[in-house]
Amino acid sequence: MSSPAKPIIFSGIQPTGRKHLGNYIGAIRQYVEGQDRGEPAIFCVVDLHSISVAYDPADLRERVLDTAAILLAAGLDPERCVFFRQSDVAAHAEMTWLLSAVTSHGDLNRMTQFKEKTGSARDLASAALFYYPVLMAADVLVYRATEVPVGDDQRQHVELMREIARRFNERFGETLVIPDLKVPEVGARIMDLQEPERKMSTTGGTESGTVLVLDDEKTIRKKVGSAVTDSGREVVASPDKPGVTNLIDILAVARGVGRAEIEREFDGAGYGDFKGAVADGVVELLAPVRARYAELRPDEAALERVLLAGAEKAATIAAPVLADVRARMGFG
Ligand code: AQP
């Protein structure tokens with residue numbers, strides 16, 4: 001089905017209280033930007049995804065509220081976007097099963113994130129982890145979303161959801177929209193400050209190389225100050241300087257400028273001054289979010305109200321799409 005003229009933006013984020021600078025720059029920042037463009041922009045805390053690894057049910061509920069408060073603190077406005085908890089809208093789970101008819105075992109076997117996350121313990125991984133990309137496809141396709149703002153690590157999953165939509169349309173007739181991937185030009189893959197060859201990550205990164213959205217100023221300065229650079233002095237982005245390149249990207253995003261401007265400003269300055277400026281930039285970027293989070297997080301009833309109201313709106317948008325999919329597939 002050709003994309004409608006109006007953009008429908010969809011993205012999901014896992015429930016943890018440990019959202020990091022990579023999540024903020026690669027995803028959350030794009031959500032806030034998208035809510036003014038999306039008609040509608042739909043964002044959800046993907047708690048169904050989080051049961052694909054070991055978890056504690058009581059803790060899950062708390063982490064959903066943490067994540068909701070972080071996103072609202074970062075600027076999501078439930079009056080201008082649709083913001084909800086994934087498990088409150090049953091269409092996601094039903095759509096997952098329906099789409100599994102046009103997803104092959106081989107497709108899922110090729111997903112690098114599954115391979116990386118399971119390593120040699122693949123046989124012990126939950127079927128849910130293997131199925132994660134189908135649920136992610138369902139999340140997006142059930143809203144006929146046109147645009148999926150994510151970080152670079154989700155590129156392969158978005159390619160697969162596009163393929164699933166194409167196959168569905170070929171097999172059952174034009175029904176689903178093929179969504180476009182949207183990764184930020186700068187900051188699509190923020191790297192771990194201690195191990196800049198790997199991405200900053202909730203589960204796989206180093207503690208001191210991962211700046212959390214809720215870190216206080218002192219912690220941010222310490223983490224940025226001890227970031228791995230290299231033995232040279234030049235502040236230049238290049239593949240053989242992954243640590244410096246990462247810091248340039250972070251500062252470029254924090255200031256809303258391009259890489260070249262940062263390189264020009266710190267030409268000949270040395271790493272000490274440069275890291276100081278990066279720390280200032282990150283503190284300025286995250287401090288307002290942390291302050292607002294402290295105001296919002298205690299009022300759990302208010303957070304629940306926001307999520308439930310969002311779920312009602314989301315369910316209304318998903319219902320006709322799911323009805324079309326069911327009808328095309330011969331149900332009902
Ligand atoms: N390092 C990153 N740089 C840029 N974007 C990133 N994202 C994740 N890491 C980076 C983007 O953040 C969004 C939300 O991610 P998530 O919380 O839903 O789940 P995730 O991908 O599992 O987060 P992590 O930190 O990457 O967790 P691990 O490594 O434990 O799996 C997504 O859009 C993602 O692209």
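I'll start with the ligand: the residues of the shell around it divide into six nonpolar, eleven polar and five charged. Please keep in mind that this is a predicted model.

Which residues come nearest? Of the 22 residues around the ligand, they are Lys19, Asp153, Lys199, Ser201 and Thr203. By element, helix H1, residues 21–34, gives the most to the shell, with four residues.

For histidine 20, the distance from an N or O atom of the side chain to a ligand oxygen is 2.6 Å. Lysine 117 also places a polar side-chain atom 2.6 Å from an oxygen atom of the ligand. How much of the ligand does the protein bury? Taken alone, the ligand exposes 640 Å², and the protein buries 96% of that.

Next, a helix pair. Two packed helices are described by the angle between their axes and the distance between those axes. Here the pair is H4, residues 91–99, and H7, residues 127–141; their axes come within 8 Å and cross at roughly 115 degrees. The crossing of H4 past H7 is right-handed. On the H4 side, the contact is made by His92, Met95, Thr96, Trp97 and Leu99. H7 contributes Tyr131, Val134, Leu135, Ala137, Ala138, Asp139 and Leu141.

Last, two points about the backbone. As background, most residues other than glycine have a negative phi, and most peptide bonds are trans. Where does the model depart from that? The peptide bond from glutamate 39 to proline 40 is cis, with omega near 5 degrees. Proline 40 sits in the loop between H1 and strand S2, 41–45, and H1 is the helix that gives the most to the ligand shell. The other point is arginine 144, which is not a glycine and has a positive phi, near 50 degrees. Arginine 144 is in the loop between H7 and strand S4, 147–149, and H7 is the helix that H4 crosses.

That's all from me.

How values were computed: Residues are numbered from 1 along each chain as its sequence is written. This is a predicted model: local features need pLDDT of at least 70, side-chain atom pairs count only at pLDDT 80 or more; totals for chains, interfaces and linings use all residues. Side-chain values use heavy atoms; hydrogens and water are left out. Axes are lines fitted to C-alpha atoms, for helices over the stretch in contact, and angles run from 0 to 180 degrees between N-to-C directions. Helices (H or I, at least four residues) and strands (E, at least two) are DSSP runs, numbered from the N terminus. A crossing is left-handed if the near helix is turned anticlockwise from the far one by less than a right angle, and right-handed if clockwise. Contact means heavy atoms within 4.5 Å. A residue is near a molecule or strand if one of its heavy atoms lies within 4 Å of it. A polar contact is a pair of N or O atoms within 3.5 Å; within protein, one must be able to donate a hydrogen and the other to accept it, and residues adjacent in sequence count only if both atoms are side-chain atoms. Accessible areas come from the Shrake-Rupley method with a 1.4 Å probe; for residues, only the protein chains shown count as cover. Ala, Val, Leu, Ile, Met, Phe, Trp, Tyr, Cys and Pro count as nonpolar, Asp, Glu, Lys and Arg as charged, and the others, Gly among them, as polar.
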